[in-house]
Every structure is written in structure tokens, then in C-alpha cells.
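Hello,

Here is the structure I promised to pass on. Please take a look at it first, and then read my notes below.

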Amino acid sequence: MSTDACYSARSSTRTQVLEAIKRLTLSKNSSEQYNHDDAVKYFAAIKRVLKETYNPGDPGHGMEKLIDKNTPGLPPEHPTSATSTFTTTAQNVLTHYQQQAAAINAQHLVGPNVVPLITDRTEAQDQADRLNLQNQAVIGAKEGTTSEAIVLQFGRDVTDSVLKTADGVDFKGIDEYHLYDLVQVCIQGADRPATGDILGHLIEIISRRFDF
């Protein structure tokens, strides 16, 4: 699979997510201010859009895990672990499965040895192509959700604290921030509710699961 195919997946996913989110509505008052409840509903709707966006690496959840908090220990295939510079090769795939099989065999000294799941170079190349395409599709979904959707709705005054560098001079690259932090700062920027907890609202968004 060519580099062009991977970046085409990134571009098309970015456009798909952006167009879907642009159709969502965030309720605001005459001063263009929004409240917490409306922000929570808006991000729940974004999460639904992401769930409906095809993710070849996790078809059952789509891209919804992009809003998860990036905590230590998440597997490399988790959407929040994706980076725009990631690329893998057939040799990387072969080495991964060889090491995986060796680790299993080292733990089970009795019985037949486990054979690596992939040993054929052509099959390994197919797997590498899938991983590279999947990664770029995830980055495209992140781009479509962030600067071209959330920023348009909430404004730079709210989002710059996450999207700009510490000195406020430049904007961060796509790999230098997480959507979880952007969601959090947008909720914090809302009119304060009489009761309720910002963290509670955020957890509600993150833990919501949609069944179709």
C-alpha cells in the first residue's frame, strides 16, 4: 500500500468527521456563551459521530476512544496512542510476532511450541499496510474533530490553552495534545452550573457507550 493511500485515508476521514460534527448544534445565549449541560450534550454527540466513523483497527467502537484519557499502559493500537509519524514495515511485523511467540513459549515449557501468528513476508506486508492505514485514519479523525470542529464552535479563547505551546507563541502539532484535554477545557470554559461537578460531566462523556 502506497504512502498516498495512507494519507488519502487520513484526508477522507478528516473530512467525514468534520462534516458530521459541523451539523451538530451547541446551544448558546445572546452573548455566545454556553452552559455546562449544553457542552456535555454536544460532546456526547461528537462521541457518537466518532463511534460511527469506521476504524479498521476497532470496528465495534469506531473512533470514539479518541476522547479517552491517555493514561500509561494503554496498548499501542489505542487511538490516543496514534501519532502522525508512525509507520511500520513487514520486518517489524515479523519481529513482533516472533517475539510474542518466544515469550509464550518461555512461559510454557511443557507441550508443543507456539508458532508465530505471521511468518510469511507477504502476509506481514499486508498487516503493516493495514496498521499504517489505520494509524493515518485515526489522525484524520483527530484533526477533523479538533481544529476544524471544536475550535470553530468554542473559539480560540477557550481552546488555545490546550492547542498552543506553553509560551503561547505557536500552535502544537497534532501529536502534542489529546482530545480529552480539549474536551475538559471547553467544559471548564462554560457558564458555571449551580450544582454539579465538571469532572463528573467529563466522566459521563468518556464512559458513555452507544448500542446500535
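Start with N35, which caps the N-terminal end of α2. One of its side-chain oxygens lies 3.2 Å from the backbone nitrogen of D37. Keep in mind that this is a predicted model.

N35 sits in the loop between α1 (3–22) and α2 (36–51). Is N35 buried, exposed or partly exposed? It counts as partly exposed, because its relative accessibility is 33% and that class runs between 20% and 50%.

Leaving aside neighbours within four places in sequence, N35 is in contact with A190 and D191. D191 is 156 residues away from N35 along the chain, yet their C-alpha atoms are separated by 4.7 Å.

Next, α2 itself. Its 16 residues should span 22 Å at 1.5 Å a residue, and the end C-alpha atoms are 23 Å apart, so the two values agree. The helix is mostly covered, with 12 of its 16 residues buried. Among them are H36, D38, Y42, F43, I46 and L50.

Now a helix pair. Two packed helices are described by the angle between their axes and the distance between the axes. For α5 (residues 156–163) and α6 (residues 179–188), the axes come within 9 Å and cross at roughly 145°. The crossing of α5 past α6 is right-handed. On the α5 side, the contact uses V158, T159, S161, V162 and L163. On the α6 side, it uses D181, L182, V185 and C186. These residues divide into six nonpolar, two polar and one charged.

Best wishes

Terms used: Residues numbered from 1 in each chain as written. Predicted model: local features only at pLDDT ≥ 70, side-chain atom pairs only at ≥ 80, totals over all residues. Heavy atoms only, no water. Axes fitted to C-alpha atoms, helices over the stretch in contact; angles between N-to-C directions. Helix = DSSP H or I, 4+ residues; strand = E, 2+ residues; numbered from the N terminus. Left-handed = near helix turned anticlockwise from the far one by under 90°. Contact = heavy atoms within 4.5 Å. Nonpolar A, V, L, I, M, F, W, Y, C, P; charged D, E, K, R; others polar. Buried < 20%, exposed > 50% of the residue type's maximum accessible area, 1.4 Å probe, protein only. Expected span 1.5 Å × (residues − 1). Polar contact = N/O pair within 3.5 Å; in protein donor to acceptor, adjacent residues only side chain to side chain.
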